[in-house]
Every structure is written in C-alpha cells, then in structure tokens.
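Trainee: Could you walk me through reading a few features of a new model? I would like the general idea and then the case at hand.

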Amino acid sequence: MLVGVVSVMLAVSCTPALEDDASRADEPRVLAVRAEPAEARPGESVTLTALATDGTSVAWSLCLARKALAESGPIANECLVYPESSVALGGGPSVRAELPRDACRNFGPDPPLGTNGRPADPDGTGGYYQPGLAAGAAFSIRVRCGLAGATQAQVAEFESRYRINENPEIAHVLADGVLTTGALRARPGARLRLRVTWPASAAEPYVAFDPAARTVVDRRESLRVSWLATAGTFATSRTGVDEADPATQSENDFTVAGDATLYFVLRDSRGGVAFRALRVIVD
C-alpha cells in the first residue's frame, strides 16, 4: 500500500504545467493548448487545439475537482487518480469541449456548494480558470465569472466595460532580421538571432477590479514567448514584454546543433495562446 501511495504522489508531482515547460522538446509531449474562444462562460463550448511534438497521442479531459490547499501541482491530485473526477473529451489534435456549468463554483468566485470551502482566488488579471489535461500535461481555460467583493455600481461598471479575452496572433518569425518562409537553412553551430512579432492589437486593453483601491481599473495585457526546440539551444526559454511596454516583438538567440523543429508559443496574461513551428535544416 505504501509503495502505491508513493507512486501516486510521484506521478502527481511530475505532472507538467504547460506554463513551466523548459525549452527542450525532443520527446513526445504537448507544448501548448489554445482555446477558441480564449474566454468563455460556463456552459459555452470551446475548441481546444494542441501544439504537440511528433509522435504525441493526445487524450483530453477536464478536471472537476478543486486542488486542496496543501497541493502544489498544477491540477488536483484527485483528477489524476480517480477517473470520475474528470470528464473525458476524446482524443486527437483538436477537440470540442463544453465548460462545466458549475465552473465558477468549483474554480471561481461563487461559494462552493455543500462545503465550508472558500471561493477560489483570481489570478493577477482578475481571471478564473477551468483546469484540464492534454496527454498528461495540465492546461487551463479562462472562464468568464462574476465579480466578487464589489458594490452593485462597481459590478455594473465592470460588466459594461469588460472585454472578453481574445487569443493573440503571431505575425512573423525572423532569423537575423530576415523573414522566415518555409524551412530555415543554417550551418551547424551557427548562432541565430530569432525574433517573434505580433500585431499591436495582441496586447488587449481590459478592466479589472482592484480590491485594495476598491475600484475598477484600466489594464493592458502583458505578453510572453516560450521558445522550444527538438535540438539546439536557446539562450533563454522565455522572453516577453510587460503591460507597460508597447513593443510588438521579442528576441532570443538560438545555437544550431542539427536538423530541428523550433516551436514558438505566444501567451497573453489572460490565458490567450498562439503558436507556430519552424523547421531548421542543416546544410
């Protein structure tokens, strides 16, 4: 029994969160998940699409259990151990999913039913998220829930001004200042300066409730890029711009080690995702 418990604990602790993946992508796994639309209300449907490395078989599920306060992983242990704690969505690179109607009660500001538990806390942008698993990797979908801890007038202002999140888009990928089209050819050991660009509209303005100031405030999304490769080395695994930075690009150095596939994942701070892949062929 002890061996079984330890095995479950180890499996839970090793469940990857897509937000925290390093830059090496040389094994079958899911690197990112894009939900379309990027934010939806409970009961609404979204299309989930995975960015996965070659040979990855993607099985999808939504978790229905909240994490215990003592749990440190990206998703409730219960959903990894007990099938009845999840909703299976099927398999394949893309699936359609309906957000549970009680998502804002399980993972949002609505008080949980039948327990003494407290509502979930929002993230730094005021958002709440429905968790799921894709090929064993944890992902999340932003759920449009109500506003907690505000007056009726503040709720009305927030609802009238809030902008549902949309996914960002990658405009271009450049290597040493040259736009990449098709495959990129390079010599072994070459050091390339790669640049990912996006339209100015990718960093959306939105409003959030500031509980300290007790007012509705204007915000702007930050953007970050995750850089991954099947071979070769990036100088860093993640770059980006904060919400005060109007830049529409981010750069990174890549050292070529052989034929490879590079993956670029652009995320906004409200859970939106865009991705692109690029083949590197060594001459």
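Trainee: Which pattern do the disulfides of the chain follow, with bonded cysteines counted along the chain?

Mentor: Happy to start there. A disulfide is a pair of cysteine sulfur atoms within 2.5 Å. In this chain the pattern is 1-2, 3-4, and the count by this rule is two disulfides. Before going on, note that this is a predicted model, where local features need pLDDT of at least 70 and side-chain atom pairs count only at pLDDT 80 or more, while totals for chains, interfaces and linings use all residues. Residues are numbered from 1 along each chain as its sequence is written, and side-chain values use heavy atoms, with hydrogens and water left out.

Trainee: Is C63 buried or exposed?

Mentor: Buried means under 20% relative accessible area, exposed over 50%, and partly exposed in between (1.4 Å probe, protein chains only). C63 has 2%, so C63 is buried; C79, at 8%, is buried too.

Trainee: What is the handedness of the link of C104 and C145?

Mentor: That link is left-handed, with -95° about the S-S bond. The sulfur atoms of C104 and C145 are 2.0 Å apart. Because C104 lies in helix α3 (residues 103-106) and C145 in the loop between β8 (137-143) and α4 (152-161), this pair ties together parts 41 residues apart in sequence. Both cysteines, C104 and C145, are buried.

Trainee: How many bridges join strand β13 to strand β14?

Mentor: Two strands pair if DSSP finds at least two bridges between them. Here six bridges join β13 (residues 205-210) to β14 (residues 215-220), and the strands run antiparallel. A208 faces V217 of β14 across the pairing. The two strands make a hairpin with four residues between them, and R214 in the turn has a positive phi of about 55°.

Trainee: Which residues does G240 touch, not counting those up to four places away in sequence?

Mentor: Contact means heavy atoms within 4.5 Å. On that basis G240 touches L223, R224, V225 and S250. G240 belongs to strand β17 (residues 238-241) and, at 43% relative accessibility, counts as partly exposed.
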